[in-house]
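This report describes the fold of a single chain, from its overall composition to selected helices, strands and residues. Please consult the sequence and the structure alongside the text.

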Amino acid sequence: FKKMQERLIRQLSQRTDMLSGVSHDLRTPLTRMKLQLEMMPESDETTDLKNDITDMEKLVEEYLNFARNDDKERSSPIEIKKFIQEKIVKYYAKMNKEINHQIKVNNKLKINLQKLSLKRALINLIDNAFNHAQKVELNISESNKNLMIIIDDDGPGINEEEHDKVIRPFYRIDNSRNLDKKSNSSGSGLGLAIATDAITSQGGHIRLSKSHLGGLRVTIFLPK
């Protein structure tokens with residue numbers, strides 16, 4: 001079993017390193033193409049090509065985010081209420097995006113977490129909600145064992161039979177909502193996988209369900 005575990009870890013590490021390497025290598029030709037397009041006369045064709053390159057750059061960045069090793073980030077005590085207000089709510093307020101939020105936790109509640117990893121996961125999920133909905137709600141509460149972070153939206157949602165599949169890397173859903181869809185791009189299929197990995201690496205888990213707003217509800221459970 002130990003040898004099998006070592007082989008699996010080695011295989012996963014090699015695949016992740018390969019993904020990261022390929023993504024890095026793609027940046028150079030994309031930059032070259034952008035420079036060449038800037039030197040060409042403006043036309044509908046060059047505008048379309050610039051948009052395609054921008055989409056490709058977003059995909060490359062998502063691949064790098066997925067391959068990034070967050071294990072090096074150490075956990076530290078985070079004051080939850082302050083963290084949510086300053087790193088999440090104010091972040092979206094600066095972009096003129098209002099989040100209806102309620103934070104029902106002890107004002108001094110602290111949990112050992114990886115701050116950057118948690119922030120990345122929450123922004124990933126909330127960005128997705130705003131990409132597909134007009135209204136987004138964020139509710140934070142606590143139980144005896146867990147901190148619960150709930151993100152609701154009034155978008156098209158995801159069919160229940162797809163809930164277990166969308167957390168898989170590179171899985172794309174064919175209906176009106178794709179977890180990575182930005183503007184007209186279908187995305188890489190990594191959005192929820194990145195968020196899920198960031199949460200599970202800290203001992204938590206994510207559950208998808210139907211929101212009371214009619215769209216998707218994402219519930220994050222983090223151990224206290």
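Of the 224 residues in the chain, 38% are buried, where buried means under 20% relative accessible area, exposed means over 50%, and partly exposed lies in between (1.4 Å probe, protein chains only). The model is a predicted one, in which local features need pLDDT of at least 70 and side-chain atom pairs count only at pLDDT 80 or more, while totals for chains, interfaces and linings use all residues. Residues are numbered from 1 along each chain as its sequence is written, and side-chain values use heavy atoms, with hydrogens and water left out.

**Overall architecture**

The secondary structure comprises five helices and seven strands; helices (H or I, at least four residues) and strands (E, at least two residues) are DSSP runs, numbered from the N terminus. Read from the N terminus, the order of elements is α-α-β-α-β-β-α-β-β-α-β-β. Among the contacts in the chain with a separation of 6 or more, 65% are between residues 24 or more positions apart, contact being defined as heavy atoms within 4.5 Å.

**The five-stranded sheet**

An open sheet is formed by five strands in the order β2-β4-β5-β7-β6, with mixed pairing; two strands count as paired if DSSP finds at least two bridges between them. Its edge strands, each pairing on one side only, are β2 (100-104) and β6 (205-210). On average, neighbouring strands of this sheet are turned by 15 degrees against each other, direction ignored. Axes here are lines fitted to C-alpha atoms, for helices over the stretch in contact, and angles run from 0 to 180 degrees between N-to-C directions.

Within the sheet, β4 (residues 136-142) pairs with β5 (residues 146-153) in the antiparallel sense over seven bridges. L138 has I151 of β5 as its bridge partner. Helix α4 (residues 115-132) packs on the sheet and touches β4, β5, β6 and β7 (216-223), its direction making about 25 degrees with that of β5.

Strands β6 and β7 run antiparallel and are joined by six bridges. The bridge partner of L208 in β7 is V218. The hairpin of β6 and β7 has five residues between the strands, and G214 in this hairpin takes a positive phi near 105 degrees.

Helix α3 (residues 80-93) has 14 residues and should span 20 Å at 1.5 Å a residue, which agrees with the 18 Å between its end C-alpha atoms; the expected span is 1.5 Å times one less than the number of residues. Its buried residues are I80, F83, I84, I88, V89 and Y92. An α-helix has 3.6 residues a turn, so residues three or four places apart point the same way. The elements that cover the buried residues of α3 include β1 (76-79), β2, β3 (110-113), α4, β4 and β5.

The axes of α3 and α4 are 11 Å apart, and the two helices pack at an angle of about 35 degrees. Their crossing is right-handed, that is, the near helix is turned clockwise from the far one by less than a right angle. On the α3 side the contact is made by F83, I84, K87, I88, Y91 and Y92, and on the α4 side by K115, L118, K119, L122, I123, I126, D127 and F130. These residues divide into 10 nonpolar, no polar and four charged, with Ala, Val, Leu, Ile, Met, Phe, Trp, Tyr, Cys and Pro counted as nonpolar, Asp, Glu, Lys and Arg as charged, and the others, Gly among them, as polar.

**Selected residues**

| Residue | Relative accessible area | Class |
|---|---|---|
| T219 | 5% | buried |
| F221 | 12% | buried |
| D154 | 31% | partly exposed |
| N96 | 73% | exposed |

T219 lies in strand β7. Beyond its neighbours within four places in sequence, T219 contacts I149, I150, H205, I206 and R207. F221 is also placed in β7, and its contacts outside the four-place neighbourhood are N146, L147, M148, I199, G204, H205 and R207. F221 and I199 are 22 residues apart in sequence, with their C-alpha atoms 8.3 Å apart.

D154 belongs to the loop between β5 and α5 (191-200). Although 62 residues separate D154 from L216 in sequence, their C-alpha atoms are 7.1 Å apart. Leaving aside neighbours within four places, D154 is in contact with A133, Q134, K135, L213 and G215. N96, in the loop between α3 and β2, is a residue other than glycine with a positive phi, near 60 degrees.
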